[in-house]
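User: I'm new to reading protein structures. Could you walk me through one, feature by feature?
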Amino acid sequence: MNLIRLILLSLFIFTQAQADTIYNLIKIPNLEVYEINTSNKLRYVYAKQPFTIGVDNNINCFNSEKNFLDKKYKIIKKNLDRYDQKFLRKINLKYIVLCEDLSISKIKTAGIPDNVMKTLILDLKFNESYFERVIHHEVFHIINDSYKELFDEKIWSNFNVENFKYAECSTCTNKIGLDTYKKTDGFFTEYSRSTASEDMAEVFSHLMIDSDLSNIDPILNKKIQFIKNNLLKIDKDFIL
Amino acid sequence: MIEKVKASRSEIVILIFVITLAIFSLGSFLLIKDKCLFVKDYDPNKIKFDNPANIAILNVPCGNVIIQLYPEISPNGVKRFITLVKSRAYDDVAFHRVIKDTLVQAGDLEFGKRENIDYGKIGTGKSGLGTINSEVDTPFDFDKGTVALARTQKYNTEDSQFFIVLRDEPLYETEYTPIGKVIYGLKALEKIKYLDKSQYVLRPDFINSIRMLIN
């Protein structure tokens, strides 16, 4: 019995020490390494216990069951493997935090990008139907935050019809539908209509998951070209 | 006439016990007091090195720590380190950040000097030589004994501060610029003063000196 206690105690001590290193690097507590030996040098870490971060502790996320974590990790890795190390370095993304029921100020969210800390927190439970697309959507926010000057929202907004106006923020609107329109009119999804940066992220994510672009309207075509051109400015070898 | 009283057997046993206890107490006191007692002090002149030009000797309270530098991995980082070593800038500089069995950090030339240590600012000081770019692209195993340049949260802010890891830290690869590895004397670093509740050390241990083996 004492031996079991000793083993459990030593495991606890070991995990705490590891977590400290991660905390020192990205300032998120209660994390452990899931996988760090990846071809593009992304480091996958997961919530061992729930964590709370942010201004006024307004960001919360919870730990997952091992089987669920393993299943989702495979999907996430497959998608993020499409970005090579050079590109990830340029956009400042290195740590992927895996957890579930992610919320910011009690509003559920798919991901929280932080290009300063080189971190993307992903909610493993977010929208099963569009999970893979959402991964790329969140990656775009990292790209956008790292290259604000390239993804000029004024230029972008001018692609839209004259009387169209985005909402003040992505959570200030009811336009949250993620279904891809069968017939587009400048937007891929209802959520695209929320803000310029969400619109860009939706365009990028649709390009990354090889959506059918055969019946795209002229406005959306301009938006696609804008995204593609700017990605090539970041990395001339970037392949969509 | 005084009659000579012979000590009984039990009195002799008690006397021996008291003497033994006193010897153990004194011995333990001396052992505990001298933290360097079981630390081997390496003499670099008695060791044969493959590339002596890249050997630096860090002298700390418990003896010598022998570091092999890797200019082929981080040319600018190693160049900066050697520049500061040759100007003796690191002498009497504090190990201001120490995490038990994890890492020791030193090299704040502005606020970490023994004669004018500033506990309010230590860890933020500069060398006056400016910052250098991070060199993190070459694959490198951040195992126990790795010496690397410290930086702020941003890349390309390396200056004079460096740290040495006391355990394997694979997550540090591509985060920090590695400049070398301790090849002898890591035990001396494990004895550097630390605090249980804070990474920053009040009344810290100091670097006695750092010298290149070949000047």
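User: Let's start with the two chains. How many residues of chain A are in contact with chain B?

Analyst: One thing first: this is a predicted model. To read an interface, begin by counting who touches whom. Here 17 residues of chain A are in contact with 17 residues of chain B.

User: And what about the area buried between chain A and chain B?

Analyst: The general idea goes like this: the size of an interface is often given as the accessible area lost when the parts come together. In this model, about 1,500 Å² is buried between chain A and chain B. Carbon and sulfur atoms give 44% of that area.

User: Which elements give two or more residues to chain A's side?

Analyst: Those are α1 (2-26) and α3 (85-91) of chain A. The largest share comes from α1(A), with 6 residues. Sorted by class, chain A's side has 7 nonpolar, 4 polar and 6 charged residues.

User: Now single residues. Is Lys72(A) buried or exposed?

Analyst: For this, look at the relative accessible area; buried means under 20%. Lys72(A) has a value of 0%, so it counts as buried. You'll find Lys72(A) in helix α2 (residues 66-80) of chain A.

User: What does Lys72(A) touch, leaving out residues up to four places away in sequence?

Analyst: Its contacts are Leu124(A), Glu128(A) and Phe131(A). Look closely at Leu124(A): its backbone oxygen lies 3.5 Å from a polar atom of the Lys72(A) side chain.

User: Let me try another one. Where is Asp185(A) found, in a helix or in a loop?

Analyst: Asp185(A) is in the loop between α5 (153-157) and α6 (196-208) of chain A. With a relative accessible area of 44%, Asp185(A) is partly exposed. Setting aside neighbours within four places in sequence, Asp185(A) is in contact with Arg193(A) and Asp217(A). The side chains of Asp185(A) and Arg193(A) are joined by a polar contact of 2.9 Å.

User: How far apart are Asp185(A) and Asn160(A), in sequence and in space?

Analyst: It's handy to check both kinds of distance. These two are 25 residues apart in sequence, and their C-alpha atoms are 9.2 Å apart in space.

User: Last topic: strands. Which residues are on the two sides of strand β5 of chain B?

Analyst: For a strand, ask what sits on each face and who the partners are. In β5 (residues 146-149) of chain B, Thr146(B) and Ala148(B) are on one side, Val147(B) and Leu149(B) are on the other, and all are buried. β5(B) runs antiparallel to β7 (residues 177-184) of chain B, joined by 4 bridges, and Ala148(B) stands opposite Pro178(B). β5(B) also pairs with β6 (residues 162-165) of chain B, in the antiparallel sense over 3 bridges. There, Leu149(B) stands opposite Phe162(B).

User: And how many residues lie between β3(B) and β4(B) in their hairpin?

Analyst: There are 3 residues between them, and Asp101(B) in the turn has a positive phi of about 60 degrees. Strands β3 (residues 97-99) and β4(B) pair antiparallel over 3 bridges, with Val98(B) opposite Val104(B). β4(B) is also joined to β6(B) by 4 bridges, again antiparallel; in that pairing Ala106(B) has Phe162(B) as its bridge partner.

How values were computed. Residues are numbered from 1 along each chain as its sequence is written. Chains are lettered from A and ligands numbered from 1 in the order in which they are written. This is a predicted model: local features need pLDDT of at least 70, side-chain atom pairs count only at pLDDT 80 or more; totals for chains, interfaces and linings use all residues. Side-chain values use heavy atoms; hydrogens and water are left out. Buried means under 20% relative accessible area, exposed over 50%, partly exposed in between (1.4 Å probe, protein chains only). A polar contact is a pair of N or O atoms within 3.5 Å; within protein, one must be able to donate a hydrogen and the other to accept it, and residues adjacent in sequence count only if both atoms are side-chain atoms. Contact means heavy atoms within 4.5 Å. Buried area is the accessible area (1.4 Å probe) that two parts lose on being put together, summed over both. Ala, Val, Leu, Ile, Met, Phe, Trp, Tyr, Cys and Pro count as nonpolar, Asp, Glu, Lys and Arg as charged, and the others, Gly among them, as polar. Two strands pair if DSSP finds at least two bridges between them.
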